[in-house]
Amino acid sequence: MTKKQRAETVLRELEKLYPEVPIPLDHKDPFTLLVAVALSAQTTDKKVNQISPKLFESADTPEKMAKLEFEEIRELIKEIGLTNQKAKNLKRMSEILVEKHAGIVPQTFEELEELPGVGHKTASVVMSQAFGFPAFPVDTHIHRLMKQWKLTEGKNVAETEKDAKKLFPENKWNKVHLQIIFYGREYSPARGNRDKDFLTKMLFEK
């Protein structure tokens, strides 16, 4: 199988498995999605979904978040990692949204990536899932599986993202990145039993 044929097989099989893909992070609008994605760094979506209801009860808009003290935010998110840095980022991010963007989450990569705690991956998730712009956020699941499927030789997520964008049609990016994440969690975990990983076997059958 050529690389292109492998990509087509991945696309076809993932579409069969996951015709509908819910966004894994609970949110109700672009701001709450932005906050949830920023919180998800180096922790699980499940953990973020456990703590976010309480946080959003207190502050579900940039204006409300900006008014909270750093200590209050830290207390609300204390169960996830990197608490101090994340609390600081959330407060400053919200202040900038109020000061510079009238409390509205901007719809460009450049403006999003200027916000504290928002890297390219977070901006890509918000652009694709909140606003529908074509983007291909690459997390560790995607990076690992793209390498496993020999669809990239990328040494980092930026290189893997470029390869993914070349291999998959642009109109599929927003969906397929989620499908790969779901597949990785369910069928091919980084550690643990990979017997269920039928797709990798299918791609490299003799």
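I call a residue buried under 20% relative accessible area, exposed over 50% and partly exposed in between, with a 1.4 Å probe and protein chains only. The model is predicted, so I keep to its thresholds: local features need pLDDT of at least 70, side-chain atom pairs count only at pLDDT 80 or more, and totals for chains, interfaces and linings use all residues. Residues are numbered from 1 along each chain as its sequence is written, and side-chain values use heavy atoms, with hydrogens and water left out.

**Entry 1: the whole chain**

I looked up the secondary structure first. The protein chain has 12 helices and 0 strands. Helices here are DSSP runs of H or I, at least four residues, and strands are runs of E, at least two, numbered from the N terminus.

Next I checked the size. A compact globule of 206 residues would have a radius of gyration near 17 Å, and the protein chain agrees because it has 18 Å. That radius is taken over C-alpha atoms, and the globule rule is 2.2 Å times the number of residues to the power 0.38. The C-alpha trace spans about 60 × 35 × 30 Å along its principal axes. Of the 206 residues, 49% are buried.

I then turned to contacts, meaning heavy atoms within 4.5 Å. Counting pairs at least 6 apart in sequence, 59% of contacts join residues at least 24 apart.

**Entry 2: helix α8**

How many residues of α8 are buried? I find 8 of its 11, so α8 is mostly covered by the under-20% cut-off. They are T122, A123, S124, V125, V126, M127, S128 and Q129. These residues pack against α2 (30–39), α7 (109–113) and α11. After α8 comes G132, with a positive phi near 80°.

**Entry 3: helix α11**

I followed the packing to α11, residues 173–187. Its 15 residues reach 21 Å from first C-alpha to last, close to the 21 Å expected at 1.5 Å a residue. The expected span is 1.5 Å times one less than the number of residues. Buried residues of α11 include W173, H177, Y183 and Y187. G184 is also among them. Their cover includes α1 (3–17), α8 (120–130), α9 (140–148), α10 (157–167) and α12 (198–203).

**Entry 4: S40**

I stopped at S40, in the loop between α2 and α3 (45–58). Is S40 buried or exposed? S40 is buried, because its relative accessible area is 9%. Leaving out residues up to four places away in sequence, S40 touches L25, D45, V48 and K121.
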